[in-house]
Amino acid sequence: MMPVPPASADSRAPGAALLPLPAFTDNYIWAVVRDGQAAVVDPGQAEPVLRLLQARGITLRAILLTHHHGDHVGGVLELLRATGARVYGPASEQLPHCDVRLAEGDRVSLPELDLDLHVLDVPGHTAGHIAFHGKIGDTPVLFCGDTLFMAGCGRLFEGTPAQMSESLAKLAALPPATQVCCAHEYTLANLKWALAVEPENTDLHQVTQRARLLREKDLPTLPSSIGQELQTNPFLRTRHSEIAQAAAAWAGQPLSSPVEVFAALRRWKNEFK
């Protein structure tokens, strides 16, 4: 069991703290904490959140959900019983509880947390997956669930390569400084694969070295940033010739579009050991 991070170590936005709370073996529940109040994103387990609330005397105001998978929503009902927090989630997915159904163009504004977020539809991992992007104070932030990972992206359980490509393009268009709050600590495995795709990428080697040092200390590699992902994530670089050539070589056939490149990359990642 990992302790609750000290308040002095976790602030990433003026007046607020952005915390990755470890859950299960590799999940993160993201918490935004300010002035004794909090919101959490994708609480697959209630216990890490309840521990944070108790340790700091915090009131949970909101629960934000990106998609329906159990490791993202499994703690919702217990947290609801304990706190009465308002639950926001995707309009078209089956959830254990949801007070406010959201789709692209909707907004979640929580002024008590200095949190102002807009909703994007990002199908691919699931059919109704959403992401939240906006600002905590002055810091741009993205809560992307299982759509975008550091050097990776989610598997296509319910969507198509074209859908996921379009979803990733929406995220790639956000400001480069946007903090990317992914839901899993998949970073080292993703980077190993990304280096197989693009071994000459010096940015990728630097990011890998930093990530290894962090994991050696049992520290999160996240958040990433949109700018970093544009430099290092093969799934956001399908229009680069090096990536397209590597994907075609792996697939053993010509690939005629960025979507075909993406599809080949996703199959490559699925099979990569």
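Predicted model: local features only at pLDDT ≥ 70, side-chain atom pairs only at ≥ 80, totals over all residues.
Analyst: Strands are DSSP runs of E with at least two residues, helices are runs of H or I with at least four, and both are numbered from the N terminus. Residues are numbered from 1 along each chain as its sequence is written, and side-chain values use heavy atoms, with hydrogens and water left out.

User: Why is Ser-224 called buried?

Analyst: Look at its relative accessible area: 4%. Buried means under 20%, exposed means over 50%, and partly exposed lies in between (1.4 Å probe, protein chains only). The value 4% is under 20%, so Ser-224 is buried.

User: What makes the pair Ser-224 and Glu-229 a polar contact?

Analyst: Their side chains come to 2.5 Å. A polar contact is a pair of N or O atoms within 3.5 Å; within protein, one must be able to donate a hydrogen and the other to accept it, and residues adjacent in sequence count only if both atoms are side-chain atoms. The 2.5 Å value is within that limit, so the pair qualifies. Contact in general means heavy atoms within 4.5 Å. Setting aside neighbours within four places in sequence, Ser-224 has contacts that include Met-150, Thr-178 and Val-180.

User: How do you know that Asp-71, His-72, Asp-146 and His-184 gather at one spot?

Analyst: UniProt lists these four under "binding site" in an unreviewed entry. They span 114 residues in sequence, but no two of their C-alpha atoms are more than 10.6 Å apart, so they come together at one spot. Three of them, Asp-71, Asp-146 and His-184, belong to the lining of the second largest pocket. A pocket is an open set of points on a 1 Å grid over the protein atoms alone, where a 1.4 Å probe fits, with protein on both sides within 12 Å along at least five of seven lines; lining residues have an atom within 4 Å of a point. As for the UniProt record, its positions use the numbering here, its feature names are shortened, and its annotations may be inferred rather than shown by experiment.

User: Where is Asp-146, and is it buried or exposed?

Analyst: Asp-146 lies in the loop between β10 (139-145) and β11 (148-149). Its relative accessibility is 4%, which means it counts as buried. Its side chain makes a polar contact of 3.0 Å with the side chain of His-72. His-72 lies in helix α2 (residues 70-73) and is buried at 0%.

User: What puts His-69 and His-184 in the buried class?

Analyst: His-69 has a relative accessible area of 17%, so it falls under the cut-off. His-184 is at 4%, so it does too. The side chain of His-69 makes a polar contact with that of His-67 at 3.5 Å. The side chain of His-184 makes one with that of Asp-71 at 3.3 Å.

User: Which residues of the largest nonpolar core touch the most other members?

Analyst: Phe-132, Phe-143, Leu-171 and Leu-265, in a core of 62 residues. A nonpolar core is a set of buried Ala, Val, Leu, Ile, Met, Phe, Trp, Tyr and Cys residues joined through side-chain atoms within 4.5 Å. A second, separate core has 24 residues, including Ala-31 and Val-73.

User: Which residues of helix α8 are buried, and what covers them?

Analyst: In α8 (residues 241-251), the buried residues include Ile-243, Ala-246, Ala-247 and Ala-248. Their cover includes α5 and α9 (258-271). Just after α8, Gly-252 takes a positive phi of about 75°.
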